[in-house]
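These are my notebook entries on one structure, kept in the order in which I looked things up.

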Amino acid sequence: MGTGDLVTLLGRTLGFSFAAGINLYATVAIIGLATRYDWVDLPPQYRVFDNTWIIGAAIAMYLVEFVADKVPWVDSLWDAIHTVIRPLGGALIAVATIGHAQPWVQALAALAGAALATSTHVAKAGTRAAANTSPEPLSNWALSFAEDGFVVGLGLLALTHPVAAAAVVLIALAAIVLSVRWLLRGVQRRFARQA
């Protein structure tokens, strides 16, 4: 495998695992449809997603999530249920997309995929929980449509321009880390004032 192939593989794996933490089903559907209809030339390991049952189940579950994400508090319940499912999906996508590799490489890919999916899942679930404190439902709708658009956009970017997808993932991870640090400092200041 050449350097260019490795960079492409890494970009796609990062993009898909990151997107899986926001919407696993849309991510799997995009990979499955891209493989089935040859949107881009993908390596043979992507054929695991080219299964009518997998594509159909992913689309069906995406439709359920599409509705659940629009209803305040139902979205948080859905996110709570997916606290295990999305990271596991991110790990499985990472392992599947690297293809045949040594066991230690597969284990490393699984850990990285799970970590990426967990980071976006936690960011999504936390943002949704905060939005649910607002009395109006429009913020849920806006967040849901933005998340769906981001997942589809990142999935398509990972397919067509994997290096750009990797850059988006790294920038988004940096934003998540900075947001968490900002939130933690705010909580520390609040407790320091109360003490």
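Predicted model: local features only at pLDDT ≥ 70, side-chain atom pairs only at ≥ 80, totals over all residues.

Entry 1, loops. I located Asp 38 in the loop between α2 and α3. Helices here are DSSP runs of H or I with at least four residues, strands are runs of E with at least two, and both are numbered from the N terminus. I noted that Asp 38 has a positive phi of about 50° although it is not a glycine. Asp 38 is classed as exposed because its relative accessible area is 52%; exposed means over 50%, buried under 20%, and partly exposed in between, with a 1.4 Å probe and protein chains only. I then turned to Trp 73, which lies in the loop between α3 and α4. Trp 73 is likewise not a glycine, and its phi is positive at about 75°. With a relative accessible area of 52%, Trp 73 is exposed.

Residues are numbered from 1 along each chain as its sequence is written, and side-chain values use heavy atoms, with hydrogens and water left out.

Which of its 32 residues touch the most other members? They are Phe 16, Phe 49, Ile 93 and Leu 159. At least two residues of this core come from each of α1 (3-20), α2 (24-36), α3 (52-68), α4 (74-98), α6 (138-160) and α7 (162-194). The largest share, 8 residues, is that of α2. As background, nonpolar side chains tend to be buried together in soluble globular proteins.

Leaving aside neighbours within four places in sequence, Phe 16 is in contact with Thr 27, Ile 31, Tyr 46, Ile 93, Thr 97, Gly 155, Ala 158 and Leu 159; contact means heavy atoms within 4.5 Å.

I found Thr 97, one of the contacts of Phe 16, in helix α4. Thr 97 counts as buried because its relative accessibility is 0%. A polar atom of its side chain lies 3.2 Å from the backbone oxygen of Ala 94. A polar contact is a pair of N or O atoms within 3.5 Å; within protein, one must be able to donate a hydrogen and the other to accept it, and residues adjacent in sequence count only if both atoms are side-chain atoms. Not counting residues up to four places away in sequence, Thr 97 touches Leu 9, Thr 13, Phe 16, Gln 45, Tyr 46 and Phe 49.

I took a pocket to be an open set of points on a 1 Å grid over the protein atoms alone, where a 1.4 Å probe fits, with protein on both sides within 12 Å along at least five of seven lines; lining residues have an atom within 4 Å of a point. Grid points are joined across faces, edges and corners, and a volume is the space filled by probe spheres set on the points.

The largest pocket holds about 420 Å³ of space. Among its 18 lining residues, the closest to its centre are Thr 120, Ala 123, Lys 124, Thr 127 and Ile 176. I find α5 (103-131), α6 and α7 each supplying at least two residues of this lining, and the largest share, 7 residues, comes from α5. By class, the lining has 11 nonpolar, 5 polar and 2 charged residues; Ala, Val, Leu, Ile, Met, Phe, Trp, Tyr, Cys and Pro count as nonpolar, Asp, Glu, Lys and Arg as charged, and the others, Gly among them, as polar.

The second largest pocket has a volume of about 290 Å³. Its lining includes Phe 49 and Ile 93, which I had already listed for the core. The most residues, 4, come from α4.

Is His 121 buried or exposed? His 121 counts as buried, because its relative accessibility is 3%. I place His 121 in helix α5. Its side chain reaches the backbone oxygen of Asp 79 at 3.4 Å. Residues up to four places away in sequence aside, His 121 touches Gly 21, Asp 79, His 82, Thr 83 and Arg 86.

Terms used: Core = buried A, V, L, I, M, F, W, Y, C linked by side-chain atoms within 4.5 Å.
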